[in-house]
Amino acid sequence: MQSLGFSFALIPVLRRLYPDREERSARMAEHMEYFNTQPYFASFVLGAAARREEDRATGRDPGADPAEVKKTLMAPLGALGDSFFWGAFKPLAGVVAVVALMAGAWWAPLLYLVLYNAVHIGLRATLVFAGYATGGDAVALMARYNFTRMARVCKALSLAIIGCMLGSVTAWDQGFMPFGPLPGILLGAAGLAAAMGMTVLLRAGASPVKLMLGLAALCLGLALGGII
Amino acid sequence: MPTFDLHTVQQVLAAACIGGLIGLDRTALGQFMISQPVVAGPLTGWLLGDLEAGLIIGGILELLWVMDLPIGTFVPADSTVTTVAATAIASIGGGGHAELAVVGLSLLMTVLMVPVTMFADHLMRQRNRQIPELALGKTGRPTERSVTVWHLAGLIAFFLKSFLLCLGIVPAGLVVLSWFPQAPESFHHAMILFVMLLPFLGAAAMVRRLSVSNRDRMLLIGFLIGVVCVQLLRLPVLAAVPFAAAGGWLGVRSRGA
């Protein structure tokens with residue numbers, strides 16, 4: 001999975017630590033074993049593996065095993081990273097950008113990139129050094145950043161902003177604004193009810209793609225029936 | 001059948017290149033989220049001359065697929081190829097000023113292709129599993145060169161996957177779109193309503209994944225703040241967002257998180 005990329009990223013470190021080509025190749029072969037984690041949190045493992053390689057090569061700790069630290073860290077960091085980045089922070093950045101789009105802001109994609117990458121790149125760079133400094137001490141990482149709490153906050157903010165988006169439906173940009181004879185607050189309430197109804201269908205097992213197709217069929221039916 | 005003149009062919013090739021390059025950001029290179037629909041749509045639209053279509057398509061697909069997570073062995077829908085292809089079809093087929101009905105049809109056609117993009121992703125991942133063995137070679141000892149070459153070969157494969165998918169989907173979409181003007185008026189109305197309802201489906205898709213409740217308290221707090229700020233106080237939508245975020249924050253604190 002990510003083993004090749006991991007080895008590729010370690011080449012400069014291995015080149016510096018092991019001038020002998022054969023030894024370097026042997027070390028690289030160790031890093032080709034199965035490795036898969038959240039890609040941003042892989043930076044922490046990378047720093048930790050570099051530290052272990054250094055400890056071993058310099059004789060500081062001849063028994064240091066970089067493969068062990070990789071095996072130990074990949075699953076917990078994968079779970080942590082998936083729940084924070086994919087499950088909480090990315091949706092928050094996305095929903096902020098979409099609300100800006102719906103308000104007619106053409107610069108919403110730039111806002112998204114700045115918002116997301118300020119955290120992503122900052123954390124990615126920090127994690128390499130944290131992994132190196134602690135030698136892969138995940139407990140120290142958790143003590144420094146409470147990712148579980150941050151994820152919970154991000155999810156709550158995302159939900160509140162989605163609610164705000166539904167409540168401000170009458171002020172959406174023309175490209176998105178629904179038409180209809182309903183006054184503003186009723187239109188907002190109808191939008192909220194529609195979203196809640198679709199949430200129930202999604203929970204019942206319908207996929208977004210199937211619901212999209214169903215929605216298209218419904219619209220076509222309404223149009224052919226002369227209702228719209 | 002539409003006339004695929006030189007200009008159209010150039011635009012289709014440009015769209016495929018855009019898809020290939022942006023697709024690299026999805027998993028293979030960087031993951032700076034340029035591949036997310038909210039960025040990929042407007043970027044494609046701007047490059048192909050219809051920013052408005054890109055903004056609408058990107059916004060809708062972002063809501064729909066932002067919570068489709070690549071966790072474990074699950075392969076989510078390829079939102080990047082779908083976004084780039086839908087935007088390209090709308091931009092090229094709409095002559096740079098795609099109507100909302102054209103945007104709707106473009107979205108519908110590309111969403112129908114989602115299983116194909118998922119299958120391509122699945123094949124790519126299977127092939128990727130073999131790459132480390134290739135880098136190890138017959139000796140079982142990788143060299144700096146073999147690791148670098150196979151690592152970069154992975155990038156080329158990812159580029160080609162998105163490039164070829166766009167190269168197949170966009171012309172097919174343009175063929176269907178060329179028949180759209182002859183479609184009954186009711187079909188146009190249906191596509192406009194379809195686009196207008198999609199943000200609500202997107203909101204539902206997010207709520208489903210972010211909360212275990214259909215009537216989440218944070219969602220309702222945000223809704224009330226939106227109604228009060230925008231519909232009663234006549235504030236701009238963007239001015240209401242910080243209030244909604246503050247409401248969400250206070251809600252978390254009151255829960256003792």
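User: In this predicted model, is Leu238(B) buried or partly exposed, and what is its relative accessible area?
Analyst: Buried would require a relative accessible area under 20%, and exposed one over 50%. Leu238(B) falls between these limits and is therefore partly exposed, with a relative accessible area of 32%.

User: How many residues of chain B are in contact with chain A, and how much area do the two chains bury between them?
Analyst: On the side of chain A, 95 residues take part, and they are in contact with 89 residues of chain B. Of the area buried between the two chains, 78% is on carbon and sulfur atoms, and the buried area itself is about 8300 Å².

User: Which three residues supply more than any other three of the area that chain B buries against chain A?
Analyst: The three in question supply 9% of the area that chain B buries against chain A. They are Glu144(B), Phe200(B) and Phe223(B).

User: How many salt bridges and how many residue pairs in polar contact are counted between chain B and chain A?
Analyst: The search for salt bridges between chain B and chain A gives a count of 0. For polar contacts, where both residues must have pLDDT 80 or more, the count between the two chains is 10 residue pairs.

User: Which helix of chain B gives the most to the side that touches chain A?
Analyst: Several helices of chain B each supply at least two residues to the side that touches chain A, among them H2 (37-48), H3 (51-65), H7 (144-179), H8 (185-210) and H10. The one that gives the most, with 21 residues, is H8(B).

User: How many salt bridges are found over all chains, and which residues are linked in a network of salt bridges in chain A?
Analyst: Over all chains, the search finds 10 salt bridges. In one of the pairs, the side chains of Arg27(A) and Glu23(A) meet at 4.0 Å, N to O, while in another the closest N and O atoms of Glu53(A) and Arg56(A) are 3.5 Å apart. The network links Glu23(A), Arg27(A), Glu30(A), Glu53(A) and Arg56(A).

User: In the pair Arg27(A) and Glu23(A), which helix holds the two residues, and which is buried or partly exposed?
Analyst: Both residues lie in helix H2 of chain A, residues 21-30, where they are 4 residues apart, about one turn of the helix. Glu23(A) has a relative accessible area of 35% and so counts as partly exposed. At 16%, the residue that is buried is Arg27(A).

User: What is the N to O distance in the salt bridge of Arg51(A) and Asp55(A), and which of the two counts as buried?
Analyst: Arg51(A) and Asp55(A) are 4 residues apart in helix H3 (residues 42-58) of chain A, which means a separation of about one helical turn, and their side chains meet at 3.6 Å, N to O. Arg51(A) is partly exposed, with a relative accessible area of 23%. With a relative accessibility of 11%, the buried one is Asp55(A).

User: Which residues of chain B does Gly87(A) touch?
Analyst: Gly87(A) is found in helix H4 of chain A, residues 66-102, and is buried, with a relative accessible area of 7%. Leaving aside residues up to four places away in sequence, Gly87(A) touches Asp82(A) and Lys155(A) of chain A, and in chain B Met67(B), Leu69(B) and Leu210(B).

User: With which side chain does the side chain of His31(A) make a polar contact?
Analyst: His31(A) is placed in the loop between H2 and H3 of chain A and is buried, with a relative accessible area of 2%. Among the residues that His31(A) touches are Phe6(A), Leu10(A), Glu53(A) and Lys70(A). The polar contact, at 3.2 Å, is with the side chain of Lys70(A).

Conventions
Residues numbered from 1 in each chain as written. Chains lettered and ligands numbered in written order. Predicted model: local features only at pLDDT ≥ 70, side-chain atom pairs only at ≥ 80, totals over all residues. Heavy atoms only, no water. Buried < 20%, exposed > 50% of the residue type's maximum accessible area, 1.4 Å probe, protein only. Contact = heavy atoms within 4.5 Å. Buried area = accessible area lost by both parts, 1.4 Å probe. Polar contact = N/O pair within 3.5 Å; in protein donor to acceptor, adjacent residues only side chain to side chain.
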